Every structure is written in structure tokens, then in C-alpha cells.
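The tour goes from one selection to the next and says what is found at each stop.

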Amino acid sequence: MNTLKIGENTFELAQIIIKDLKASENIGILKCIQCGMCTSLCPAARHTDYDPREIVKRVLDKDESLITDDIIWNCFYCYTCHSVCPVNNSACEVNQILRQKAIDNGKGKPKIAPFSAYGDSFLEYGLGAIPNDFFDHLLKDYGKEWLQLKVDLEDIREELGLGPILLPEKDVNDINKILEKTGFTKRLERVRRCKDEGNSR
Ligand code: SF4
Ligand code: SF4
């Protein structure tokens, strides 16, 4: 495994990111002019202390403490920064790579455990769904109208001439076979175990 050990790197952090498989070809991290366009439109920056311009600056400053900094987990990959950067940089991709390094180092494992609930919905329903654990937060943010929409969803779909939202059992079984064959199910098990590994730290 390509593990980044903090303080033991022969490459600069920016070079490690540029060479990563997840980085777009010609990612413009070395051209960042600190204009702040990414931060001005970043929804995570609006609601938290997270700042994509600052993340990029810390990478360019070779600040490897970023790997263990919880702040990198505030980005939710909307790609707004990616689409507005004037020099073809992507704080979003930078974050993805930093997170992978954190996972490889073990520090990021507790952070990914909650995502297993998304995988469970593929196994159970054959489609991606918001996990029940997040419902309380959504109710708080969107109010009772959101809950009513959930309750009325099947009726609304019928009115619009759409079919049922849930797939037939046979299709779910077929999807499960694909998920098994492609290694998704096994990988999901590993993500679930991250929760216990995180708890034992
Ligand atoms: S928009 Fe691009 S150039 Fe401007 S600060 Fe963000 S990453 Fe740097
Ligand atoms: S992808 Fe992340 S860093 Fe970029 S704008 Fe969205 S939340 Fe902000």
C-alpha cells in the first residue's frame, strides 16, 4: 500500500498529489494564485471553518499535518471549486487524495465508517438512498415539509406517471450479484470494520 508516513517523505506533498491516480491530468495545483475563488463559492466554507484556498496553500507549504487534520473531512465533493478555478486546480481532488492518504495511514478510517450505510442501501434496495441515521439532521435543516414529502412520495410519483421508487426483488437480487462479483460487497465489509478499528484507537 502506498502509505504516506508523516515527516518521512522524499517528495513534496504537492508532487505526491500531482502523481496520484485520482488527480486530473494537468491539475494546476502548482499554479494556484491564492485568488480565493474556490473559497468564495464553497458551501463547506460558508458553514464551517473549512477553506479550500487554505488547504491548497498548506499543501504548497508542504504542511503534512493536513493528513491528520479533521478539516479535510468537511468537503463534500460538490466540485464547485473545481469548476471555477482559473488555473485548472481542484481543491476537491486535492481533498480526495489527502483523505486517501489519511485512510492508508489508519487515521481516516473512523471517518469513512458512516459511509457504509450508503453501501448498505445498494445491497438492500439496489439503489443509493440517504441512510436513516441522517434523517434527524435533514429534518432539522429542511423542516416538516421534507418529512411530509417523504411520506407522500409514492402518491406524488403516481400522480406524475412515474413507477414505484423501489425496484422489484428480482432486480435487487441481480444487482446484489453484480456487487458481489465486482468486489463491492467485500469492500463494504472493510469499510464497516473501519468503525471498530476507529473505536479501538
Ligand atoms: S480558485 Fe484555484 S487559484 Fe484560486 S485559490 Fe482556489 S485553487 Fe487557488
Ligand atoms: S468540492 Fe469541497 S472544497 Fe470544493 S467547493 Fe465543494 S465543498 Fe468546497
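Begin with helix 11: none of its 13 residues is buried, so this helix lies largely in the open. This is a predicted model, and that applies to every stop below. Helix 11 reaches 19 Å from its first C-alpha to its last, close to the 18 Å expected at 1.5 Å a residue. Step just past the end of helix 11 and select Gly183, which takes a positive phi of about 90 degrees.

Is Ile165 buried or exposed? Ile165 has 11 other C-beta atoms within 10 Å, and because a residue with 12 or fewer counts as exposed, Ile165 is exposed. Leaving aside residues up to four places away in sequence, Ile165 touches Leu153, Glu154 and Arg157.

Zoom out to the whole chain. The protein chain has twelve helices and zero strands. Its C-alpha atoms fill a box of roughly 55 × 35 × 35 Å along the principal axes. Of the 201 residues in the protein chain, 19% are buried. Among contacts with a separation of 6 or more, 67% are between residues 24 or more positions apart.

Colour the chain by domain next. Domain 1 covers 13–106 and domain 2 covers 112–199. How many Å separate the centres of domain 1 and domain 2? Taken over C-alpha atoms, the centres of the two domains are 28 Å apart.

At 1.5 Å a residue, the 14 residues of helix 6 should span 20 Å, and its end C-alpha atoms are 20 Å apart, which agrees. The buried residues of helix 6 are Ala91, Cys92, Glu93, Val94, Asn95, Ile97, Leu98, Lys101 and Ala102. In an α-helix, residues three or four places apart point the same way, because there are 3.6 residues a turn. Show what covers the buried residues of helix 6: the cover includes helix 1 (13–19), helix 2, helix 4 and helix 5. Just after helix 6 is Gly106, with a positive phi of about 95 degrees.

Finish at ligand 1. Which residues are closest to ligand 1? Of the 15 residues that surround ligand 1, the closest are Cys32, Cys35, Met37, Cys38 and Cys85. Helix 2 (37–41) and helix 4 (52–60) are the elements that give two or more residues to this shell. Helix 4 provides the largest share, three residues. Eleven residues around ligand 1 are nonpolar, three are polar and one is charged.

Terms used: Residues numbered from 1 in each chain as written. Chains lettered and ligands numbered in written order. Predicted model: local features only at pLDDT ≥ 70, side-chain atom pairs only at ≥ 80, totals over all residues. Near = placed C-beta within 6 Å. Helix = DSSP H or I, 4+ residues; strand = E, 2+ residues; numbered from the N terminus. Nonpolar A, V, L, I, M, F, W, Y, C, P; charged D, E, K, R; others polar. Domains from an automatic or database assignment. Expected span 1.5 Å × (residues − 1). Buried ≥ 20, exposed ≤ 12 C-beta atoms within 10 Å, placed from the backbone. Contact = placed C-beta atoms within 7 Å.
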